[in-house]
Amino acid sequence: MDITVSNLTKTYGNQKAVDGISFQVKTGEILGFLGPNGAGKTTTMKMLTCYMAPTEGQVKVGTHDVVESPEKIKPHIGYLPENNPLYLDMPVMEYLAFVAEVQGVQKGKIEERRHAIISQCGLNKEKHKKIGELSKGYRQRVGLAQALIHDPEILILDEPTTGLDPNQIVEIRNLIREIGREKTVILSTHILPEVKATCDRILIINNGKIVADGTAESLGKKAEGSYTFRVEIQADPSAKVAEGLRALPLIDTVEVLPDAIGNYQVMGSADLPLREAIFHACVQHGWILTQMQTIEESLEDIFRELTLN
Amino acid sequence: MKNIWILARREFQTFFDSMVAYILLVAFLIFTGLFTWVTGGMDVFYIQQANLVGLFQWASIIFVVFIPALTMRMVAEEKKTGTLEVLLTRAVSDWEIISGKYLACLMLVGVALLFTLPYYFTVAYLGPVDHGATICGYLGMMLVASAYIGIGLFASSLTSNQFVAFVVAILINLLFLFLFGILSDTFSGVAAEVLNYMGFNTRFSSIARGVIDSRDIIYFLSLTALGLVLAESQLARRNVID
């Protein structure tokens with residue numbers, strides 16, 4: 001099932017939490033939702049899951065509209081909200097059976113699904129406990145299990161890895177990747193390496209608007225026509241390497257890196273010709289070029305650039 | 001219908017998982033037992049009649065506190081912990097959620113009344129009992145409870161604080177139980193009649209004697225419906241503002 005969002009807007013009072021965003025997610029795609037706190041990620045997710053109606057615009061899941069026919073959409077959605085609210089008085093097994101039943105899993109299949117999901121989410125040891133007795137990490141697994149139990153076509157996860165230890169994070173990411181092959185997944189997170197590790201596509205939103213949309217790679221090369229290299233040059237201390245480099249055509253800036261002697265960060269407007277020019281300059285001056293590396297702008301940098309205004 | 005039943009079963013189970021049910025049942029039985037047998041001006045030995053009028057009279061007053069204690073967490077707690085959000089995104093409608101909660105509360109009241117059946121058998125052993133009137137009395141109690149549950153669910157849907165929900169429900173219950181009756185005495189004409197109609201007090205005494213008028217049935221069921229509609233509209237408010 002594809003999700004199509006067009007011109008979606010949500011207004012709280014006179015504040016626009018989500019401001020006319022449009023995007024599409026296709027089956028088999030994992031979309032990462034990035035943005036600072038209060039950017040509108042959670043509000044968008046609440047509208048996608050039929051929790052609340054948009055002020056303006058439209059959300060279509062498959063061919064159905066979230067406002068007109070939520071009853072057709074809800075059975076196909078698995079949702080893990082922010083803060084992972086659970087019924088703490090209920091035992092894990094009972095809770096999962098309840099969710100399965102409500103979400104329309106056939107009576108005869110509930111037991112089988114529950115068994116599968118419990119082992120998939122690593123809940124075997126804790127399955128007879130009350131949810132309130134579990135640690136945060138295990139509660140998070142229960143949250144994932146309840147989102148997955150009815151084998152939904154669409155999975156919407158609001159910060160799925162909070163509270164997990166590094167091993168669990170890797171497990172859960174792998175699980176999401178695996179599920180994401182056949183389903184439509186949207187996940188939001190603050191953790192940038194996480195998006196890189198799990199998502200096929202990234203959507204950065206800020207102040208309710210989409211400010212970037214693309215793969216981690218395409219966003220990394222976003223600064224069109226600008227290339228950055230890290231260069232290490234061995235030269236006589238008296239040699240003026242930085243000035244020599246600055247004198248080259250195509251080069252915009254040369255920065256002397258303080259962390260290691262003879263390291264420079266060079267930015268210019270060409271890729272191969274620039275690298276050739278650096279090499280020739282070194283030969284000409286008798287410097288020894290020991291290293292040259294292309295630097296992609298990191299996701300962190302892009303994120304900060306786009307959301308700090 | 002199937003969804004309502006699934007939701008009601010979970011709520012009912014949670015009453016027992018969280019001990020709420022045990023505490024309330026014990027409290028209910030202590031008070032009804034006390035008023036049926038020992039004291040309260042209408043107990044069996046005082047009035048020297050083999051009937052459960054004392055139980056029914058007092059149960060409908062005990063309900064004023066007992067039922068808000070049951071309903072207070074139904075919506076308020078779920079709002080506070082955020083589970084309401086998950087519930088509303090499940091494959092159920094707002095109506096089914098409210099109805100499920102209503103049904104679960106009614107079932108627990110049913111259980112509480114079931115536990116008073118030994119009173120009935122004891123009274124039947126002591127003297128001739130009007131079985132029809134007693135059965136009607138029990139049905140009447142369910143009817144009264146139903147209205148209180150409607151009110152309680154509405155109060156619970158107003159807030160995310162259980163205690164506030166508890167107090168608001170008791171206040172509304174008292175309004176219907178006493179205040180309308182008292183006010184009707186101070187007015188005259190149509191106003192007095194309307195207020196008198198709105199109050200519970202004139203209806204209780206006949207119900208306790210096992211006489212159920214169809215007007216009483218309509219009255220209590222409309223009050224239930226009103227409570228549930230208002231509770232549902234509180235849930236739907238999330239679409240307008242948050």
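A: Of the 242 residues in chain B, 42% are buried, where buried means that 20 or more other C-beta atoms lie within 10 Å of the residue's own, exposed means 12 or fewer, and partly exposed covers the range in between, with C-beta atoms placed from the backbone. The model is predicted, so local features are given only at pLDDT of at least 70 and side-chain atom pairs count only at pLDDT 80 or more, while totals for chains, interfaces and linings use all residues. Residues are numbered from 1 along each chain as its sequence is written, and chains are lettered from A and ligands numbered from 1 in the order in which they are written.

Chain B contains 12 helices and 0 strands; these elements are DSSP runs numbered from the N terminus, a helix being H or I over at least four residues and a strand being E over at least two. The C-alpha trace of chain B spans about 55 × 50 × 30 Å along its principal axes. The radius of gyration of chain B is 19 Å, which agrees with the value near 18 Å for a compact globule because that is what 242 residues would give; the radius is taken over C-alpha atoms, and the globule rule is 2.2 Å times the number of residues to the power 0.38. Among the contacts in chain B with a separation of 6 or more, 75% join residues 24 or more positions apart, a contact being two residues whose C-beta atoms, placed from the backbone, lie within 7 Å.

Met19(B) is not a glycine, yet its phi is positive, at about 70°. Most residues other than glycine have a negative phi. Met19(B) counts as exposed because it has 10 C-beta neighbours inside 10 Å.

Asn7(A) lies in strand β1 of chain A, and Asn7(A) is exposed, with 12 other C-beta atoms within 10 Å. Strand β1 (residues 3–12) of chain A runs antiparallel to strand β2 (residues 15–25) of chain A, joined by 7 bridges; two strands pair if DSSP finds at least two bridges between them.
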